[in-house]
Amino acid sequence: MAEAANLVGKLEADVEIKSSAEKFHHMWAGRVHDLPKATPDKIQNYGVATVCKDRVEEVEREKNLITFRVIKSDLLKMYKSFVSTIQVTPKHGGPGGIVHWDLEYEKVSEEVGHPESHLQLSVEVSKDIDEYLLTE
């Protein structure tokens, strides 16, 4: 049982944004087709190396929260499960907010590393989306 516990992991990151929490959330919940426009160098380049199909598991508009489960991807060669949750919290008393990324995964073996590069990509994509939303 202890061995299985070593295979389960969680990574988290926060990204400060200047655009509204609602607009940022809507980009993921209702405008995913615009993601390549918002961050073409990362989504398209990344997509060539890793074709990824996600299923939306949960959307809570009141909390600006959305959860995706990877159902088809090269990632699943390294991880038995891979779930990303994005929650955007508005800043009190001003514009902008905080994007909180939560990646939960189960590695197929001890040899597989933690998905730090995937978390870093999520952070970079968040910054690009924020810039895109500010220009709209």
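**Note on the predicted model: salt bridges, strands and core**

1. A search of the whole structure finds 10 salt bridges, a salt bridge being a side-chain nitrogen of Lys or Arg within 4 Å of a carboxyl oxygen of Asp or Glu. This is a predicted model, in which local features need pLDDT of at least 70 and side-chain atom pairs count only at pLDDT 80 or more, whereas totals for chains, interfaces and linings use all residues. Residues are numbered from 1 along each chain as its sequence is written, and side-chain values use heavy atoms, with hydrogens and water left out.

2. The protein chain has five helices and five strands; helices (H or I, at least four residues) and strands (E, at least two) are DSSP runs, numbered from the N terminus. Along the sequence, these elements follow the pattern α-β-α-α-α-β-β-β-β-α. Of the 136 residues in the protein chain, 42% are buried. Buried means under 20% relative accessible area, exposed means over 50%, and partly exposed lies in between (1.4 Å probe, protein chains only). Among contacts with a separation of 6 or more, 61% are between residues 24 or more positions apart; a contact means heavy atoms within 4.5 Å.

3. The largest nonpolar core holds 30 residues, and those touching the most other members are Phe24, Trp28, Ile86, Val99, Trp101 and Ile129. Such a core is a set of buried Ala, Val, Leu, Ile, Met, Phe, Trp, Tyr and Cys residues joined through side-chain atoms within 4.5 Å. At least two core residues come from each of strand E1 (8-17), helix H2 (21-29), helix H3 (35-38), strand E3 (65-73), strand E4 (79-90), strand E5 (97-107) and helix H5 (116-135). H5 provides the largest share, seven residues. Ile86 illustrates the packing: leaving aside neighbours within four places in sequence, Ile86 is in contact with Phe24, Trp28, Asn64, Leu65, Ile66, Phe68, Val99, His100 and Trp101.

4. E1 runs antiparallel to E5, and 10 bridges join the two; strands are taken to pair if DSSP finds at least two bridges between them. Within this pairing, Val8 stands opposite Glu106 in E5. Not counting residues up to four places away in sequence, Val8 touches Tyr105 and Glu106. The C-alpha atoms of Val8 and Tyr105 are 5.8 Å apart, although 97 residues separate them along the chain.

5. Strand E2 (residues 52-60) and E3 are also antiparallel, joined by eight bridges. One of the pairings sets Asp54 against Val70 in E3. The two strands form a hairpin with four residues between them, and Asn64 in the turn has a positive phi of about 50 degrees. Asn64 is also among the residues touched by His25, together with Val59, Glu60, Arg61, Leu65, Ile66 and Val88, when residues up to four places away in sequence are not counted. His25 is found in helix H2 and counts as buried because its relative accessibility is 4%.

6. Side chains of opposite charge can pair when their charged atoms come close. Asp34 forms a salt bridge with Arg31, with the closest N and O atoms 2.8 Å apart, and both residues are buried. Arg31, Asp34, Lys37 and Glu136 are linked in a network of salt bridges. Glu57 and Arg55 form another salt bridge, the closest N and O atoms again being 2.8 Å apart; Glu57 is partly exposed at 38% relative accessibility, and Arg55 is partly exposed at 40%. Lys63 is paired with Glu60 in a salt bridge at 3.5 Å between the closest N and O atoms. Here Lys63 is partly exposed, with a relative accessible area of 46%, whereas Glu60 is buried at 18%.

7. A polar atom of the Lys107 side chain lies 3.1 Å from the backbone oxygen of Val112.

Technical notes
A polar contact is a pair of N or O atoms within 3.5 Å; within protein, one must be able to donate a hydrogen and the other to accept it, and residues adjacent in sequence count only if both atoms are side-chain atoms.
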